[in-house]
Amino acid sequence: MKAEAEGTVQTETRQTQQRVAIHDAFSSERRPLSPQEALEVAQRTVPGLGIATVYRAIKRFVSDGVLVPVELPGAASRYELAGLGHHHHFQCRGCDRVYDVEGCPPRIAELAPEGFELEAHEIVLHGLCADCSETTSATT
Ligand SMILES: [Zn+2]
Ligand SMILES: [Zn+2]
């Protein structure tokens, strides 16, 4: 195939491959990813991928409702797949990865002062993930 249109077709195919690889990064890691982390995972499939493409794809996924931002105090934005249901996050101070935490402590509403109506809550756990706590105890 040496047609003039070949270039356009290849560009579209490449863009689709890139978007699929970026989406796959989020579904395979099963935890919130920063654009940089998504890039590193997606590069296993698409080696030539650049960070600007990842930012563009993420922006598009967010406006399409595929990804939602995960805002953590004092940390760069992460993104995760939409529709995961209510859950919380664990941020590792060793590797700076963010993990999903299943479940939710009961009776949180009781923490609100008398007469207050609780509408939402965020819980972020901080510490060392299994990998990092293993490394720490191995060297001490
Ligand atoms: Zn860690
Ligand atoms: Zn909760």
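Two residues are in contact if their C-beta atoms, placed from the backbone, lie within 7 Å. The structure described here is a predicted model, and its secondary structure comes to four helices and five strands.

**The chain as a whole**

- Read from the N terminus on, the elements of the chain run α-α-α-β-β-β-β-β-α.
- The chain has a radius of gyration of 20 Å, whereas a compact globule of 140 residues would have one near 14 Å.
- Taken along the principal axes, the box that the C-alpha atoms of the chain fill is roughly 75 × 45 × 25 Å.
- Of the 140 residues in the chain, 18% are buried, a class that calls for 20 or more other C-beta atoms within 10 Å of a residue's own.

**The pair of helices α2 and α3**

- Two packed helices are described by the angle between their axes and the distance between the axes.
- Helix α2 covers residues 35-42 and helix α3 covers residues 51-63, and their axes come within 9 Å and cross at roughly 110°.
- Because angles of 65 to 115 degrees count as roughly perpendicular, α2 is roughly perpendicular to α3.
- The crossing of α2 and α3 is right-handed.
- On the side of α2 the contact is made by P35, A38, L39 and A42, while on the side of α3 it is made by I51, V54, Y55 and I58.
- Sorted by class, the contact of α2 with α3 has eight nonpolar residues, with no polar and no charged ones.

**Two residues with positive phi**

- Most residues other than glycine have a negative phi.
- R30, a residue other than glycine, has a positive phi near 55°, and R30 lies in the loop between α1 (6-29) and α2.
- R30 counts as exposed because R30 has 12 C-beta neighbours inside 10 Å, and the exposed class takes in residues with 12 or fewer.
- Although R30 and Y99 are 69 residues apart in sequence, they are 8.2 Å apart in space, C-alpha to C-alpha.
- R107, also a residue other than glycine, has a positive phi near 65°, and R107 lies in the loop between β4 (98-101) and β5 (124-127).
- R107 is exposed, since there are 6 other C-beta atoms within 10 Å.

**Other residues in the loops between strands**

- H86 has its place in the loop between β2 (78-81) and β3 (88-92), and H86 is exposed, with 9 other C-beta atoms within 10 Å.
- From C-alpha to C-alpha, H86 and L49 are 32 Å apart in space, and they are 37 residues apart in sequence.
- R97 is found in the loop between β3 and β4, and R97 counts as partly exposed because R97 has 18 C-beta neighbours inside 10 Å, a number that falls between the limit of 12 or fewer for exposed residues and the limit of 20 or more for buried ones.
- Leaving aside the neighbours of R97 within four places in sequence, R97 is in contact with R31, C92 and C129.
- R97 and R44 are 53 residues apart along the chain, and their C-alpha atoms are separated by 19 Å.
- L118 has its place in the loop between β4 and β5, and with 11 C-beta neighbours inside 10 Å, L118 counts as exposed.
- Not counting residues up to four places away in sequence, L118 touches A109 and A112.
- The C-alpha atoms of L118 and I108, which are ten residues apart along the chain, are separated by 8.8 Å.

Definitions and conventions. Residues numbered from 1 in each chain as written. Chains lettered and ligands numbered in written order. Predicted model: local features only at pLDDT ≥ 70, side-chain atom pairs only at ≥ 80, totals over all residues. Rg over C-alpha atoms; globule rule 2.2 N^0.38 Å. Axes fitted to C-alpha atoms, helices over the stretch in contact; angles between N-to-C directions. Parallel < 35°, antiparallel > 145°, perpendicular 65-115°, else oblique. Left-handed = near helix turned anticlockwise from the far one by under 90°. Nonpolar A, V, L, I, M, F, W, Y, C, P; charged D, E, K, R; others polar.
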